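The following account leads the reader through a protein model, beginning with the confidence of the prediction and passing on to the interface and the backbone.

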Amino acid sequence: MKSPKHRKRHFPGLDAAVSSLVETMVAEAQGADDVMDPEALDRTRATMHRRLQMMPRFLGIPMIGATLVFDWGGVLASGLPFHRQSAAQRRKQLETWRKSSIGFLVNFVDFYEKMAKFTYFYELHERKEQRDEEVSG
Amino acid sequence: MKRQRLDCDVLVVGSGPGGATTACLLAEAGHDVLLVEEGRNLSLDSAVPYSLDEIDQKYRNGGLTPSFGKTNVTYIEGRCVGGGSEINAALCHPPMPETLEQWKVIYQIDEFGEKALAPYLEDVFRDLTVSFLPYELGPASRKIKEGADAMGWKSEEVARFWHYPEKCDSHEKGSRQSMTATMVPRALAAGCRLRSRTRVRRLGLKGHRAVFADAVSRGPDGTRQALRIHFEQVFVCGGPIQTPTILRRSGLKGKVGKGLTMHPMLRMPVRFDEEVNDPSYGVPVQQVVEFKPQLTLGCSNASLPHLVMWLGGQVQDRERKLAEWRKMALFYVLVMGTRRGFVRSLPGTEEAFAYYPINDEDLALLVEGLYRLGKMLFAVGAKEIFSPVAGAASITDERDLGILRTGLPQGKMSISTIHLFATCPMGGDPRRAVVDSFGKMLDMDNIWINDASILPAGTGVNPQATLMAVARRNVARWLAARGSR
């Protein structure tokens with residue numbers, strides 16, 4: 001028997017980039033006055049990391065690369081990487097990629113948008129319901 | 001890594017509807033069968049249907065594998081014992097007679113067609129307790145029925161692979177008749193051995209025969225064990241993406257993996273003034289069949305997270321709409337793809353690469369489907385239709401539906417599919433076929449393929465019933481040739 005290969009890839013700066021993308025997507029999906037649920041947000045971040053690891057390599061590695069490029073691409077537009085931008089600056093950068101004529105950039109935003117929103121709302125509503133049911137027996 | 005040896009008479013690779021059917025019937029006929037599945041062996045209730053946990057447990061790559069082309073199409077494959085039957089909507093649509101007759105002629109398939117498949121379909125319906133709802137249609141299904149009636153279009157309730165107890169008044173009281181609830185337990189009871197978490201990498205060939213399969217088995221703690229499985233006969237049933245990947249990795253190339261086609265699909269959330277989304281009714285079962293097989297209109301299961309995911313960025317008054325999410329349902333347009341792509345195994349990796357060049361005709365049909373769906377739903381009180389184009393505004397006035405007809409931008413729509421076909425097509429024309437009319441690989445003495453990859457084109461309907469009937473027919477032929485039943 002052979003020990004499992006440790007497949008998890010670590011990329012410096014990826015955590016900050018993924019977290020800021022998740023927060024921006026969730027803020028977009030919520031009402032203006034809603035406060036983000038920290039536990040659901042944490043779980044969403046972890047799930048997004050897992051999704052990137054679960055992708056086939058020919059897709060996962062370019063997606064991780066694109067996430068880092070997206071983050072540092074903010075320096076060109078606003079002087080700051082995406083994760084250090086204000087909410088308004090983040091929305092502006094996202095819109096630029098969303099409206100790009102380059103399919104990969106549009107797909108990149110679409111991936112984060114769909115997965116982050118689905119995961120956060122799943123954690124916020126359905127997971128809580130499941131836990132409540134377990135508690136009530 | 002020291003390699004372990006396993007022996008069997010018949011190896012079945014993949015435990016989805018094709019593989020589980022094959023393993024069950026062969027084991028019941030007295031053969032020594034080993035069924036190998038890459039995913040885990042999980043019970044039906046190991047995760048809530050359509051939940052994040054189910055995606056993690058039972059979907060390949062977390063449900064996020066794209067086929068590449070001008071517009072990427074995301075496809076979903078089950079990776080667990082039972083394959084796609086564990087995660088799909090369990091809709092059972094018999095094949096369209098005209099489709100079968102066309103295949104028979106175009107692809108020169110012997111002993112094929114509506115009459116030839118009828119007894120096998122009956123067996124499928126019996127074994128998987130195919131049933132219609134024992135209670136009234138749910139509200140989303142009713143919208144489709146009333147909308148189709150208003151437009152003068154034909155719609156119908158699609159049966160499901162579902163068992164309902166007597167006096168059943170709720171979806172939750174019924175049970176899915178997936179492979180882990182039906183064919184797999186039967187196979188095991190007949191003596192079939194099941195090895196889950198075991199991935200077949202390639203077949204070892206000697207002349208015109210496959211003599212072994214190299215596989216890797218993973219333990220619950222992630223430890224890996226190399227296996228070499230020796231067999232007399234092998235049925236490859238990994239599905240339209242994995243089957244050609246295994247074969248090509250084994251050196252069997254030629255036409256293997258070419259011919260990929262699919263049913264591209266677009267989803268569109270629609271809001272009404274009244275509640276239309278009631279999970280207690282289960283998956284909406286009504287479909288508009290007026291335009292089949294080229295075009296199908298229907299409704300998907302949609303909880304709040306699903307709706308948020310498909311709503312897109314531009315939603316006015318989002319907070320209120322999400323609070324009233326039961327007034328929204330997720331409708332879809334599904335078309336029969338007209339193009340052919342391919343599947344390759346990527347060198348140096350364990351992964352498959354799929355290419356499908358969705359073309360302007362497919363996109364035009366999807367757009368036309370969205371337009372017709374919109375017309376139909378406005379006719380029964382829809383208040384807002386959320387465009388499937390990233391960043392586009394929603395449509396609140398029927399007169400604005402024409403925006404959809406002016407064309408949707410390529411590359412900005414989230415197109416997905418759950419139905420893939422034809423990467424190892426059957427038939428009698430050696431210029432097109434990879435297997436003969438009964439699933440035996442051409443030029444090979446003991447390799448059989450028995451999954452949706454042998455269906456030569458899209459079915460235009462949910463393909464599980466068709467593929468299971470074809471699988472049964474092929475096994476019956478195989479058994480008859482060996483003097484067993």
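**Confidence of the model**

Where pLDDT is low, the predicted coordinates should not be read in detail. For chain A the mean pLDDT is 85, and 89% of its residues reach 70 or more. Confidence in chain A is lowest in helix 5 (residues 103-136) of chain A, with a mean of 83, and highest in helix 1 (residues 14-29) of chain A, at 93. Helices (H or I, at least four residues) and strands (E, at least two) are DSSP runs, numbered from the N terminus.

This is a predicted model, in which local features need pLDDT of at least 70 and side-chain atom pairs count only at pLDDT 80 or more, while totals for chains, interfaces and linings use all residues. Residues are numbered from 1 along each chain as its sequence is written, chains are lettered from A and ligands numbered from 1 in the order in which they are written, and side-chain values use heavy atoms, with hydrogens and water left out.

**The interface**

Chain B and chain A each bring 39 residues to their contact. Between them the chains bury about 3500 Å², 62% of it on carbon and sulfur atoms; buried area is the accessible area (1.4 Å probe) that two parts lose on being put together, summed over both. L52(B), L64(B) and M309(B) supply 18% of the area that chain B buries against chain A, more than any other three residues.

Two salt bridges (a side-chain nitrogen of Lys or Arg within 4 Å of a carboxyl oxygen of Asp or Glu) are counted between chain B and chain A. R50(A) forms a salt bridge with D56(B), and their closest N and O atoms are 2.5 Å apart. Among the elements that give two or more residues to the side of chain B that touches chain A are helix 2 (52-58) and strand 14 (224-230) of chain B. Helix 8 of chain B gives the most to this side, with six residues.

**Backbone features of chain B**

A cis peptide bond joins K292(B) and P293(B), with omega about 5°. P293(B) is placed in the loop between strand 18 (286-288) and strand 19 (295-300) of chain B. Q108(B), although not a glycine, has a positive phi of about 55°; Q108(B) lies in the loop between helix 3 (97-106) and helix 4 (114-127) of chain B.

Definitions and conventions:
Contact = heavy atoms within 4.5 Å. pLDDT = per-residue confidence, 0-100.
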